[in-house]
Each structure stands twice: as C-alpha cells, then as structure tokens.
Amino acid sequence: MAVTKAPEDAYTAEPFVPDRGGLTALRKAAADCRGCPLHRDATQTVFGAGATDARVMLVGEQPGDQEDRQGKPFVGPAGKLLDRALQEAGLDPADAYVTNAVKHFKFTRAEPRKRRIHKAPSLREMTACGPWLAAELAVVEPELIVVLGATAGKALLGSSFRVTQVRGTVLEEEIHGRPERLVPTVHPSAVLRADDREGAYQGLVADLKVAARALG
Ligand code: URA
Ligand code: SF4
C-alpha cells in the first residue's frame, strides 16, 4: 500500500489553536503544536510573553538558541539589545507583549553535536504558524504592532514586504480581518551583525521613537 504523506502546503497550526481561554489557554495548547515539522528538532514551543492588556506588540522572527532553551522570547543577545533600544526610545519593555512569527527554533548544525546555527523559516512555516500570531493579536488587541525585520513583515503584511522601504513609518493595514497600526523596523539581530553597529542601533532607536510617538 502506498504511504500517503500530507502535502507540505497542508502545514498549519489551525487545528491546535483553542478558540477560548485567553493567553493561558493559547500558551498551553501551543506547547503541543505539531502544525509543521519545526517542533521535531526544537526543545520547546516559545510562545509570546507579556500582559493581555499590553498596548504594544513586538513581533520578531523565531526563537533563537537561548529562547529555545529557556522557553521565552527575546531573552538572548538580540533581546538584550532590544530592551535597551526600547528603553532609550521611551518604551517600557515590561509594558510590551513580545512574540515571534514562528514559535519553534529552526537551525542547522555544521557538524553533529556542534553549535546550532539559526536558519530562516520558510514561507510555508511562517504561514503554518500564522494562526498563533492571529490568536495573540485577537486576545491582546494591541494599539500598535512593532514589526521586527523581514520575516515578521512578510508574516503580517505579505511576501512583498520590504523593511527598507517602510521602516520608521506608521502603516495602517487590515490584518487577519482587523485594522491594525504597525511600525516596521530592522531586526535586533541585524543590528548585532551590522558592520556599522552603532549606526544600525541608532536607526533602530529612531524607528522605535516613531512607535513611542504613535502610541502617545
Ligand atoms: N530573535 C527573534 O526573532 N526572536 C527571539 O525571540 C529571539 C531572537
Ligand atoms: Fe506549530 Fe508554529 Fe511550531 Fe510549526 S513552528 S510546530 S506551526 S508552533
């Protein structure tokens, strides 16, 4: 008998997402998500963190090595830089809900047992994980979304998103059926990798100041 394999474009978190119970129920259910293959090699689901009534939601790409180990978003080097930039822009990190477009760490290893190297999620994985982000948006109802980099931008605004074209501006778009205001900026990991790290950091802070002003 032929082994039937689900077509890859059938990857979706949808059947795992509860339709009631708030963030607590979402986080609990997400821990068992099998919506795409990324759960297999990662340590755990890294769900969003922050208060249900947060005014601003920050959306990154996917958990990194530290986040995968600790089970919390933005606790590694990129997160430390982001916290510093938020504070400098006048946004309190403690008042933000922080999450990622994709909830499992995707990585490769140069050799077995060697360091895990971040690998960008595919469009298919981003799409599969989208129902979690949609559910977080529906529960938190942030006044503003800060889009951190290209993956978050593509996940929220479609594959034609270009961070360089729209960073530091306030966009108004319908997302998952609701009108949202968004401020895109670069990903904090891109700042860490930049040749001109100080310049890239100041650019991030300037964009976050636009977000702070938009929040009022
Ligand atoms: N980079 C991200 O996009 N998200 C994290 O949680 C950590 C690093
Ligand atoms: Fe589910 Fe998202 Fe993890 Fe894929 S990456 S298994 S869709 S939580």
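Mentor: Two strands pair if DSSP finds at least two bridges between them. Strands (E, at least two residues) and helices (H or I, at least four) are DSSP runs, numbered from the N terminus. This is a predicted model: local features need pLDDT of at least 70 and side-chain atom pairs pLDDT 80 or more, while totals for chains, interfaces and linings use all residues, and side-chain values rest on heavy atoms, without hydrogens and water. Residues are numbered from 1 along each chain as its sequence is written, with chains lettered from A and ligands numbered from 1 in the order in which they are written.

Start with β1, which pairs with strand β5 (residues 144-148) in the parallel sense over four bridges. Within this pair, Leu58 has Val146 of β5 as its bridge partner. Both strands belong to an open sheet of five, ordered β2-β1-β5-β7-β6, with mixed pairing. At its edges are β2 (96-100) and β6 (171-175), each of which pairs on one side only. From one strand to the next, the twist averages 35°. Angles here run from 0 to 180 degrees between N-to-C directions, and axes are lines fitted to C-alpha atoms, for helices over the stretch in contact.

Helix α5 lies across β1, β5, β6 and β7 (178-185), running at about 130° to β5; contact means heavy atoms within 4.5 Å.

The most comes from α7, with four residues. A pocket is an open set of points on a 1 Å grid where a 1.4 Å probe fits, with protein on both sides within 12 Å along at least five of seven lines; lining residues have an atom within 4 Å of a point. The space in the largest pocket is about 630 Å³, a volume being what probe spheres set on the joined points fill. It has 26 lining residues, and those closest to its centre are Gly64, Ala78, His118, Ser189 and Arg193.

The volume of the second largest pocket is about 170 Å³. Its lining has 14 residues, and Arg55, Val56, Leu91, Asp95 and Leu215 are the closest to its centre.
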